[in-house]
Amino acid sequence: MHAKHGVEAVRAVAAAAQARRRPRAGVRSVLAAVPSASPIVRWTGIGFLVVAALFPLFGSGFYTRLAIEAMLFGSIALSVDILLGYAGMLSLGQAAYFGFAAYLTAVLYTHVTSSFWLVALIVAASVGLLAFLLGAVAIRASGVYFALITFGVAEILLKIAHNTRALGGSDGIIGIPVPSVGVFGLFSIPLKHNLVFYYFVLAGIVLVYLGVRRILNTPFGRVLHAVRDNADRVPYLGYNPFWYKVCAYVLAAEVAAFGGLIYPLLRGFVSPELFGFEVSTKAVVMSLVGGIGTLVGPLIGGVIITFLEIVLGGITEHHLIVLGVIFVVFVMFLPDGFMGLARRLVAQRRGERS
Amino acid sequence: MIRVTGLSKSFGALHAVRNLSFEAGAGRITSIIGPNGAGKSTAFNLIAGTLRPDGGRIEFEGEDITGLPPHVLARRGIARSFQITNLFFGLSVLENVRLACQALEPRRQFGRRLDRLAPPLERARRIVEEFGLAEAADETAGNLSHGDQRRLEIALCMALEPRVLLLDEPSQGMAAAETAQIDALIQSLAGRVTILLIEHDIDLVMNISDHVIVMHQGEKLFEGLPQEVRASALVREAYLGEEHATA
């Protein structure tokens, strides 16, 4: 099941990337304008933010926690989008950084400190270093081989977590205390409360998104576009693609680590499955369903898939098959995902009006 | 400007380039011609940094540049075009050129917001205009006609403000009228930049070159002025073939 799922995913994603790269003649390319800066993206993003801000006021505690989970998995999807949507690199192992950050967070809270900011700092620094070292190796391969290396790295980390007794082996680490987050020593945010926790994570993910957008809305981000479009041509303009890819890879790892930094506080435990292939591929699916290259789309995709999973899980135990079908339908008919759909609907409306 | 000494490259048992030496003078158009398999493409790729030579030396303005990677050569002022059109096909024409212009900015500017870094965009607009692509500026490069793509290819190189322009069969796959346009374009660039080109189209080469190098089976067969090449029996025999020999 796993292996098959994986091969299909690689093929489907390759097909989708192909569809984006070779626009039909006459159609002005989706990529000609920077998609993450288009008004559709902005308004869809703002619309979703409003819904997200009001959501816990109406839903039950269960759905509030589910929404938090959606945002955390959404961060892995965003991380996939940085690589796939900007630099054209398909990673099947972004769970490596999610899991690594989650385990490190768990260990630090249980043994070292209860300061959220200190933990965040250590996690960010460690993930940055790990991603730099692994990235510098993985990036020397390209295409499918890059995907396979990232997959392999995540599997190795999973096995290490699984086989290390100090990390709880297959049980993982349980009983992680939920900290309060001090703000300049003035007051502290008690994450124990569901609503507080929710808005804290929402604010966090919005800041991460804005930060990523800012970093990519630069000459640096445009070079990544060039790498995605035609990596072989990039050196002849005087850019060394290697460093641009490494930077994108480290940035993506940090974004996935944001999810990993929060996840243990939501669940109170971590386990080896956090490194798993299912987490990595789900992030790719979220990214595609939301719309790659849009940054906001993958976050929306994260919400769609997480909630769909729960709804479908209540109806049938074969919900993964249904999700697979949805994925295939998106790749075949909506390769630019939810955001592409929104864009077309708006364009149609405008056409009717004029 | 560019001096090549004893350049060699083999692929297995095939000696693609053997002991090639020549010089491309500053501000002039130097052409390498030769029949298929003569090794001119390999020689070109060695100079452009696409391939690493097995032996020999390449000098640019007196400095050794042998075996340097393409992105270093580009920053030193050596730009190359491609025989098979090689652009950012999914990006707009303007963005293609802007990316090249942006490459000249210092890297510490690369974290600035795009709209706060205006010079590359302004320069790109001027270059797009200069190369007659203004009307297609917002068009996706992949949607351009072949002739326009060939021009964009050269525009991308010139946006790098190179001192040497390496052109790989610039008129490849073009109709006669378009070839004449490219011909004129290359000549108009001649004063601004040193040009080294390899070409299949002999007429183009003869019309615009200051200096011609003829390659045959990996080696330099002949070099001289276009009319000398035309007059050479040796060249005729090796390259121009029977029909020219009898004509």
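This is a predicted model: local features need pLDDT of at least 70, side-chain atom pairs count only at pLDDT 80 or more; totals for chains, interfaces and linings use all residues.

Residues are numbered from 1 along each chain as its sequence is written, while chains are lettered from A and ligands numbered from 1 in the order in which they are written.

**Stop 1: confidence**

Color by pLDDT. Chain B has a mean of 89, with 96% of its residues at 70 or more. Select residues 242-247 of chain B: pLDDT is below 50 there, and the stretch has four contacts beyond near neighbours in sequence. (Two residues are in contact if their C-beta atoms, placed from the backbone, lie within 7 Å.)

Chain A averages 86, and 89% of its residues score at least 70. Residues 1-6 of chain A sit below 50, with five contacts beyond near neighbours in sequence. Next, pick residues 17-34 of chain A, where pLDDT stays under 50 and the model has 28 contacts beyond four places in sequence. For the complex, the predictor gives an ipTM of 0.91 and a pTM of 0.88.

**Stop 2: chain A as a whole**

Show chain A as a cartoon and you'll find 13 helices and four strands. Among contacts in chain A between residues at least 6 apart in sequence, 77% join residues at least 24 apart.

**Stop 3: two helices in chain A**

Select helix 5 (residues 116-138) and helix 9 (residues 241-267) of chain A: they pack at an angle of about 140 degrees, with axes 9 Å apart. Axes are lines fitted to C-alpha atoms, for helices over the stretch in contact, and angles run from 0 to 180 degrees between N-to-C directions. That angle makes helix 5 of chain A oblique to helix 9 of chain A; under 35 degrees counts as roughly parallel, over 145 as roughly antiparallel, 65 to 115 as roughly perpendicular and the rest as oblique.

Show side chains next. Helix 5 of chain A contributes residues including A:V123, A:V127 and A:F132, and helix 9 of chain A residues including A:Y249, A:E254 and A:L261. The contact divides into 13 nonpolar, two polar and one charged. (Ala, Val, Leu, Ile, Met, Phe, Trp, Tyr, Cys and Pro count as nonpolar, Asp, Glu, Lys and Arg as charged, and the others, Gly among them, as polar.)

**Stop 4: where the chains meet**

The contact takes 25 residues from chain A and 30 from chain B. On the chain A side, the largest share, seven residues, comes from helix 8 (residues 219-230) of chain A. That side has eleven nonpolar, eight polar and six charged residues.

**Stop 5: two glutamates in chain B**

Most residues other than glycine have a negative phi. B:E161 has a phi near 50 degrees, in the loop between helix 5 (146-158) and strand 7 (164-168) of chain B. B:E169 has a phi of about 45 degrees, in the loop between strand 7 and helix 6 (176-189) of chain B. Buried or exposed? B:E169 is buried, with 21 other C-beta atoms within 10 Å, whereas B:E161 is partly exposed, with 15.

Notes:
pLDDT is the predictor's confidence in each residue, from 0 to 100. A residue is buried if 20 or more other C-beta atoms lie within 10 Å of its own, exposed if 12 or fewer, and partly exposed in between; C-beta atoms are placed from the backbone.
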